[in-house]
Amino acid sequence: MGVDSFSWKILIEALEKATPIYEEGSRVASLGTIQKFREKAVNLAAEKVTRVEVLFDGGIGPGEMTKTILKRVRSEVVIGLDPSTKMLKKACEELKNLKANLYLVRGVFEYPPLKPETVNLAVFSFSLRDALNLEKTLPQIEKLLKPNGLMLILEVGKPKNRFLRFIYRLYWFIVAPLIVGFKLKIGYENPWRYIYQTYLRLPSNPQLKRMISKNFRILTFKEYFLGFVVTVLACKFRGSNGG
Ligand SMILES: C[S@@+](CC[C@H](N)C(=O)[O-])C[C@H]1O[C@@H](n2cnc3c(N)ncnc32)[C@H](O)[C@@H]1O
């Protein structure tokens with residue numbers, strides 16, 4: 001499960017174009033809730049840790065989740081990964097006043113360019129759904145984590161209930177691109193219409209839970225708005241990877 005390589009390229013190009021308006025567009029598409037959800041997700045991690053050595057933000061985008069998490073969890077080193085140079089440049093501007101050592105790396109989380117067992121907390125905010133293959137990506141993330149390291153996911157959800165799924169499909173297919181297009185006055189080139197493609201390929205919430213539990217111990221799996229958004233806090237199995 002994930003996006004196929006062709007549409008992934010189109011998606012990344014669309015995200016690159018959207019970089020200057022990404023945060024505003026995401027705020028509109030989420031009906032003003034995106035930052036609240038980032039804070040809710042961060043609360044889950046902050047209940048377990050308030051200080052780490054290495055924080056990893058996979059699919060950092062313009063860096064808003066990194067900013068949000070660093071308000072609650074201090075880190076000496078922050079590594080932000082993204083395939084988009086434009087997103088990384090924007091993150092560099094947005095995070096220039098960070099107290100932590102910031103490393104912005106161009107790459108993908110399917111092949112993370114980091115040594116195994118280097119990360120205490122890995123965060124994925126609305127980015128994991130863009131993985132080319134989610135099932136193959138999760139073990140890669142597990143390898144990155146130190147023993148007992150944590151993974152925090154905030155993602156668009158896909159409920160089990162078919163009727164709700166139908167409503168949410170309509171939302172991502174028609175409503176979200178329309179309201180963003182209208183509010184930000186963007187026409188056909190509207191990058192928010194690609195969310196639908198990634199939504200279609202998302203596993204359902206119960207499938208996602210099963211997939212994660214193959215490689216991690218799930219500490220919290222929360223669904224909001226009847227499964228429209230999910231937050232997951234999971235821990236690396238103690239002693240795996242020889243730890
Ligand atoms: C919707 S944005 C989310 C940005 C940010 N995390 C947030 O909370 O707003 C998704 C980000 O994931 C990045 N991305 C997409 N596929 C990726 C991959 N395979 N590996 C790493 N990052 C990826 C995109 O370039 C984009 O910056």
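Is leucine 31 buried or exposed, going by its C-beta neighbours inside 10 Å? Leucine 31 counts as exposed, because 12 C-beta neighbours lie inside 10 Å. The views below start with the whole chain and then come back to this residue.

**View 1. The whole protein chain, a predicted model.** Local features need pLDDT of at least 70, side-chain atom pairs count only at pLDDT 80 or more, and totals for chains, interfaces and linings use all residues. Residues are numbered from 1 along each chain as its sequence is written. You will find 9 helices and 7 strands here; these are DSSP runs numbered from the N terminus (helices H or I, at least four residues; strands E, at least two). The C-alpha trace spans about 50 × 40 × 35 Å along its principal axes. Of the 243 residues, 40% are buried, where buried calls for 20 or more other C-beta atoms within 10 Å of a residue's own, exposed for 12 or fewer, and partly exposed lies in between, with C-beta atoms placed from the backbone.

**View 2. Helix α2 packing on helix α7.** Residues 22–29 form α2 and residues 162–184 form α7, and their axes lie 9 Å apart at an angle of about 130°. Axes are lines fitted to C-alpha atoms, for helices over the stretch in contact, and angles run from 0 to 180 degrees between N-to-C directions. The two helices are therefore oblique to each other; angles under 35 degrees count as roughly parallel, over 145 as roughly antiparallel, 65 to 115 as roughly perpendicular and the rest as oblique. On the α2 side, look for Glu24, Gly25, Val28 and Ala29, which meet Ala176, Ile179, Val180, Lys183 and Leu184 of α7.

View 3. Valine 119 sits in strand β4, residues 119–125. Valine 119 is buried, since 27 other C-beta atoms lie within 10 Å. Setting aside neighbours within four places in sequence, its contacts (C-beta atoms, placed from the backbone, within 7 Å) are Val54, Phe56, Leu144, Leu145, Lys146 and Gly149. Glutamate 142 is 23 residues away along the chain, with 9.6 Å between its C-alpha atom and that of valine 119.

**View 4. Leucine 31 and leucine 226, each with a positive phi.** Most residues other than glycine have a negative phi. Leucine 31 has a phi of about 55° and lies in the loop between α2 and α3 (34–46). Leucine 226 has a phi near 55°, and its loop runs between β6 (216–224) and β7 (229–236). Leucine 226 is exposed, with 12 other C-beta atoms within 10 Å.

Technical notes
Two residues are in contact if their C-beta atoms, placed from the backbone, lie within 7 Å.
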